[in-house]
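In these notebook entries I record what I looked up in one protein model.

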Amino acid sequence: MSLRDALDAHPQRDTFDLDELVAAIEAANTCAAVCSACADADLEEGMVDCARSCLDCADVCRTTAAVLSRPAPSGDLWRTLLETCVAACEECANECADHDAGHCVACAQACRDCAQACRALLAVAD
């Protein structure tokens, strides 16, 4: 069973656009993994500030994916979390863009992709 199948079977499946919801969850999970790998490489290379940014972003992305995987929003927590995820991703992408290392290039792109997916979900939820 895929994430899409599980969410499609959820009783609250109509609270979000399914395509945008799945895209945001998958982008956040991918971004968390890429940021964690980048942070590990950053530490090996002595780029402590970049590692911190990546670790912060990874934590926010993991939390965002987890909360979005329960598509029965209460209040505005989900919206605030998506906005926070966009901000964390943009900050991390900007930090990683300052470095030529391949892991930073990949991380910056994963962050941009995640921010875009979160923005797209916010756009259809308004």
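**Entries on salt bridges and helix packing**

I looked up Arg-119 and found that it counts as partly exposed, because its relative accessibility is 35%. For this term I noted that buried means under 20% relative accessible area, exposed over 50%, and partly exposed in between, with a 1.4 Å probe and protein chains only.

I recorded that this is a predicted model, in which local features need pLDDT of at least 70 and side-chain atom pairs count only at pLDDT 80 or more, while totals for chains, interfaces and linings use all residues. Residues are numbered from 1 along each chain as its sequence is written, and side-chain values use heavy atoms, with hydrogens and water left out.

**Confidence**

I checked pLDDT, the predictor's confidence in each residue, from 0 to 100. The protein has a mean pLDDT of 92, with 94% of its residues at 70 or more. Helices (H or I, at least four residues) are DSSP runs, numbered from the N terminus.

**Salt bridges**

Which residue does Arg-119 meet in a salt bridge? I found Glu-90, at 2.1 Å from N to O. Glu-90 lies in helix H4 (residues 77–97) and Arg-119 in helix H5 (residues 102–125), so the pair ties together parts 29 residues apart in sequence. Glu-90 is also partly exposed, at 35%.

The rule I applied requires a side-chain nitrogen of Lys or Arg within 4 Å of a carboxyl oxygen of Asp or Glu. By this rule I count four salt bridges.

Another of them joins Asp-19 to Arg-4, with the closest N and O atoms 2.9 Å apart. Asp-19 belongs to helix H2 (residues 18–44) and Arg-4 to helix H1, so this pair ties together parts 15 residues apart in sequence.

I also noted Arg-62 and Asp-59, whose side chains meet at 2.9 Å, N to O. Both lie in helix H3, three residues apart, which is about one helical turn.

**Helices H2 and H3**

How do H2 and H3 run relative to each other, roughly parallel or roughly antiparallel? Their axes come within 8 Å and cross at roughly 155 degrees. H2 is therefore roughly antiparallel to H3, a term that applies to angles over 145 degrees. Axes are lines fitted to C-alpha atoms over the stretch in contact, and angles run from 0 to 180 degrees between N-to-C directions.

Methods. Helix = DSSP H or I, 4+ residues; strand = E, 2+ residues; numbered from the N terminus. Parallel < 35°, antiparallel > 145°, perpendicular 65-115°, else oblique.
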